[in-house]
Amino acid sequence: MIEFHRVTKYFTQVNTPIKDLSFSIKQGEFVYLVGPSGAGKTSLFKLITREWTATSGTIRVGNYRLERMRTDQLYLLRRKIGMINQSDLFLPNRTIYENLAYCLDVLEISRNEQEYLITEALEDVGMENYQKYYPHEISVGQSKKIAIARALITKPPIIIADEPTANLDTKSAVEMMRLFFRINQRKTTVIVSMHDSTMVNTLRNRVIELKNGQIVRDAKEGGYSEFDDPKDVYVW
Ligand SMILES: Nc1ncnc2c1ncn2[C@@H]1O[C@H](COP(=O)(O)OP(=O)(O)OP(=O)(O)O)[C@@H](O)[C@H]1O
Ligand SMILES: [Mg+2]
């Protein structure tokens with residue numbers, strides 16, 4: 001469960017990316033987070049992962065009350081959340097396999113188990129043949145898939161993806177969304193932010209719409225806006 005209660009993130013009077021925000025997401029839900037550039041989507045994710053601390057209000061993620069967590073406990077929270085950022089960072093001089101192994105080293109997982117987990121995660125995203133490639137040798141869409149594999153590898157109960165379909169063609173974007181639906185079917189909570197109205201209108205799910213750091217809509221089977229865009233392609 002993720003619960004925000006009257007959360008505000010304040011930097012200055014004119015820069016308050018999240019304003020008095022309340023909502024809750026149950027375990028296993030699939031949620032689109034939409035809204036224009038600057039609406040506060042990435043800010044919301046930074047609050048969920050405690051990259052940022054809220055200025056006021058309370059945030060609960062599973063059993064953790066984020067405002068009460070000490071910095072040396074944050075690894076417990078981060079293990080519960082698989083995060084796919086707007087830009088994917090990999091160690092450039094290590095292969096895809098080594099990049100994934102690096103995350104597991106940190107968790108002190110044995111070499112044998114690492115091999116199993118890496119193969120499984122790469123198969124999940126259809127990238128099992130790219131283990132020996134270096135990050136600069138794969139395409140943008142492929143590196144997105146590797147970033148998803150990295151987020152999935154420890155099987156966290158929550159997956160957050162910040163605009164995973166940006167820069168992808170429609171076919172690859174749909175493929176990526178199918179992947180998130182498959183992940184969601186394992187009872188994983190999935191939160192995906194995007195600008196792409198076609199995708200949100202096509203693959204109906206709960207939609208939380210932000211504007212100026214506030215929720216302007218929370219719809220169970222929303223669609224990107226109240227009115228469908230005539231350009232929408234229904235591929236699902
Ligand atoms: N590191 C930061 N320090 C101070 N203010 C920030 C910081 N990052 C973001 N902001 C403020 O938060 C506001 C919301 O930014 P945010 O990145 O959450 O938008 P977004 O909805 O993710 O936009 P986009 O669709 O372009 O990714 C910005 O207008 C900016 O003023
Ligand atoms: Mg953003």
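A residue is called buried when its relative accessible area is under 20%, exposed when the area is over 50%, and partly exposed in between, with a 1.4 Å probe and protein chains only.

## Basis of the report

This is a predicted model, in which local features need pLDDT of at least 70 and side-chain atom pairs count only at pLDDT 80 or more, while totals for chains, interfaces and linings use all residues. Residues are numbered from 1 along each chain as its sequence is written, chains are lettered from A and ligands numbered from 1 in the order in which they are written, and side-chain values use heavy atoms, with hydrogens and water left out.

Helices (H or I, at least four residues) and strands (E, at least two) are DSSP runs, numbered from the N terminus. Helix H5 covers residues 140–152 and is mostly covered, for eleven of its 13 residues are buried. Among them are Gly 141, Lys 144, Lys 145, Ile 148 and Leu 152. The elements that cover these buried residues include strand S6, helix H3 (96–106), helix H4 (111–124), strand S7 and helix H6; contact here means heavy atoms within 4.5 Å. From its first C-alpha to its last, H5 reaches 19 Å, close to the 18 Å expected at 1.5 Å a residue. The expected span is 1.5 Å times one less than the number of residues in the helix.

Helix H1 is also mostly covered, with six of its eight residues buried. The buried residues are Lys 41, Ser 43, Leu 44, Phe 45, Leu 47 and Ile 48. Just after H1, Arg 50 takes a positive phi of about 60 degrees.

All five residues of strand S7 (residues 158–162) are buried. Ile 158, Ile 160 and Asp 162 lie on one side and Ile 159 and Ala 161 on the other, and both faces are covered.

Two strands pair if DSSP finds at least two bridges between them. Strand S6 (residues 81–84) runs parallel to S7 and is joined to it by four bridges, with Met 83 opposite Ile 160. Strand S8 (residues 189–194) pairs with S7 in the parallel sense over five bridges, and Val 190 in S8 is the bridge partner of Ile 159. The chain passes from S7 through H6 to S8 in a right-handed β-α-β crossover. Right-handed means that, with the strands pointing away from the viewer, the path from the first strand over the helix to the second runs clockwise.

## Aromatic pairs

The whole structure holds five aromatic pairs. Rings of Phe, Tyr and Trp (its six-membered ring) pair if their centres lie within 6.5 Å; planes under 30 degrees apart count as stacked, over 60 as edge-to-face and the rest as tilted. The rings of Phe 11 and Trp 52 are edge-to-face, because their planes stand at 80 degrees, with centres 5.1 Å apart. Phe 11 is in the loop between S1 and S2, Trp 52 in the loop between H1 and S4, and the two are 41 residues apart. Phe 11 is partly exposed, at 40%, whereas Trp 52 is buried, at 19%.

Phe 30 and Phe 181 form a stacked pair, because their planes are at 25 degrees, with centres 4.6 Å apart. Phe 30 lies in strand S3 and Phe 181 in H6, so the pair ties together parts 151 residues apart in sequence. Phe 30 is buried at 4% relative accessibility, and Phe 181 is buried at 13%. Ring pairs link Phe 30, Tyr 32 and Phe 181 into a cluster.
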